Amino acid sequence: MAPDLANQAREAFVDDDFRSAVDLYTQAIDLNPKSADLYAERAQANIKLNNFTEAVADANKSIEIDPSMAKAYLRKGIACFKLEEYHTAKAALEKGASLLQNDSRFSKLISECDERIAAESSDLTRSLTPEVTSIAAQSSDKLVGNLEEAEEGRSESCQRKEVEPAKPKYRHAYYQKPEEVVVTIFAKGVPANSVSIDYGEQILSIMIDVPGEDKYHFQPRLFGKVVPDKCRFEVLSTKVEIRLVKAEAINWPSLEYSKEVAVPHVNASPALKTPSCPSSKPRTKDWDKLAAQVKKEEKEEKLDGDAAVNKLFGDIYQSADEDMRRAMLKSFVESNGTVLSTNWQDVGSKKVEGSPPDGMELKKWEY
């Protein structure tokens with residue numbers, strides 16, 4: 001029965017009925033799940049429907065079953081190229097080229113990947129005018145289209161049929177940290193060996209195939225790029241948890257890529273900015289100059305009464321040497337504040353008697 005379905009799928013493909021071709025290939029795969037060729041053919045049909053993430057998943061499955069199938073690498077390379085995952089595309093194409101020597105399809109696409117990678121790394125595309133960018137993009141799409149036509153030996157039809165999205169079997173959600181995105185598939189009681197997950201630079205392909213149940217596929221194109229080698233997942237009793245390590249520490253406005261939402265720059269993320277301390281602000285006043293000015297004003301300030309006397313004594317004491325200070329303290333204390341001498345030789349060897357001002361009498365208090 002599977003060969004008949006596969007033949008019907010090929011006929012539908014030739015008739016440009018790619019949706020029917022995918023459905024027929026799916027039925028054939030259900031009957032023969034170990035056929036690498038069926039997965040590779042369904043990948044080609046998905047490419048025609050612009051289902052590039054599904055095409056990558058099919059190509060990966062084909063390669064898993066038969067690592068020597070060159071056309072599976074070619075179709076993975078084309079799908080990844082369409083998704084702008086040029087590094088992943090180049091790696092797949094180079095592997096396919098090593099299996100199928102002297103095939104110009106691989107070499108042309110590899111060269112195109114090199115150009116796109118160089119443009120990304122040097123930000124060349126930002127400096128191009130809109131007209132040049134448009135021409136470059138059209139040339140690349142034309143090249144990929146020509147290679148697809150050469151592979152099938154037929155002209156490509158421009159007709160595309162609308163595909164209604166199926167209602168997902170499991171609910172999913174995500175949250176993120178600066179360095180990673182955590183995707184949760186709420187699938188209760190799923191065996192670990194029924195879960196298959198593949199990571200690309202900007203592709204997440206999740207398949208849950210529980211015997212006796214409908215297969216679950218979730219294959220989004222991610223908003224930002226990840227580091228596939230560092231990504232991991234864990235099957236728990238109530239969910240499947242996938243941890244995606246971001247290539248750049250930016251905030252993702254959504255899990256899936258959208259042309260309407262621009263990728264924020266790393267430096268523009270408010271969460272990544274280091275708060276500035278008050279001390280890091282530029283000085284608005286010269287505080288040393290201000291302090292010197294205050295001292296000058298205090299020195300030049302004119303005081304009266306006790307304040308003037310105290311200031312005079314303070315200035316004298318501040319500029320005096322050690323002997324003068326000892327003399328001032330001794331004379332002031334022993335005379336009960338009536339005598340202030342700066343001559344240590346005069347007051348150092350005797351007790352200083354009090355000398356009240358004229359008209360006043362010195363009294364001693366009895367305790």
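Predicted model: local features only at pLDDT ≥ 70, side-chain atom pairs only at ≥ 80, totals over all residues.
1. Which residue's side chain meets that of Lys 71 in a salt bridge? The partner of Lys 71 is Glu 41, with a distance of 2.6 Å from N to O. Lys 71 belongs to helix 5 (residues 70-82) and Glu 41 to helix 3 (residues 36-48), so this pair ties together parts of the chain that are 30 residues apart in sequence.

2. Glu 41 counts as buried, because its relative accessibility is 13% and the term applies to values under 20%.

3. A network of salt bridges links Arg 10, Asp 37, Glu 41, Lys 71 and Arg 75. In the whole structure, a search finds 22 salt bridges.

4. A further salt bridge involves strands. Arg 243 pairs with Glu 180, and their closest N and O atoms are 2.7 Å apart. Arg 243 is located in strand 7 (residues 240-245), while Glu 180 is located in strand 2 (residues 180-186); the pair therefore ties together parts that are 63 residues apart in sequence. Both of these residues, Arg 243 and Glu 180, are buried.

5. Arg 243 has another partner to note. Its side chain meets that of Glu 241 in a salt bridge, with 3.5 Å between N and O. Glu 241 is buried, as is Arg 243.

6. The cysteines deserve a separate remark. How many disulfides does the count give? The count comes to 0 disulfides. Cys 80 is in no disulfide, and the nearest cysteine sulfur, which belongs to Cys 113, is 8.9 Å away. Seen from Cys 113, the closest cysteine sulfur is that of Cys 80; at 8.9 Å this is too far for a bond, because a disulfide requires the two sulfur atoms to be within 2.5 Å.

7. Finally, are Cys 80 and Cys 113 buried or exposed? Cys 80 has a relative accessibility of 1% and so counts as buried. Cys 113, at 0% relative accessibility, likewise counts as buried.

Key:
Residues numbered from 1 in each chain as written. Heavy atoms only, no water. Salt bridge = Lys/Arg side-chain N within 4 Å of Asp/Glu carboxyl O. Helix = DSSP H or I, 4+ residues; strand = E, 2+ residues; numbered from the N terminus. Buried < 20%, exposed > 50% of the residue type's maximum accessible area, 1.4 Å probe, protein only.
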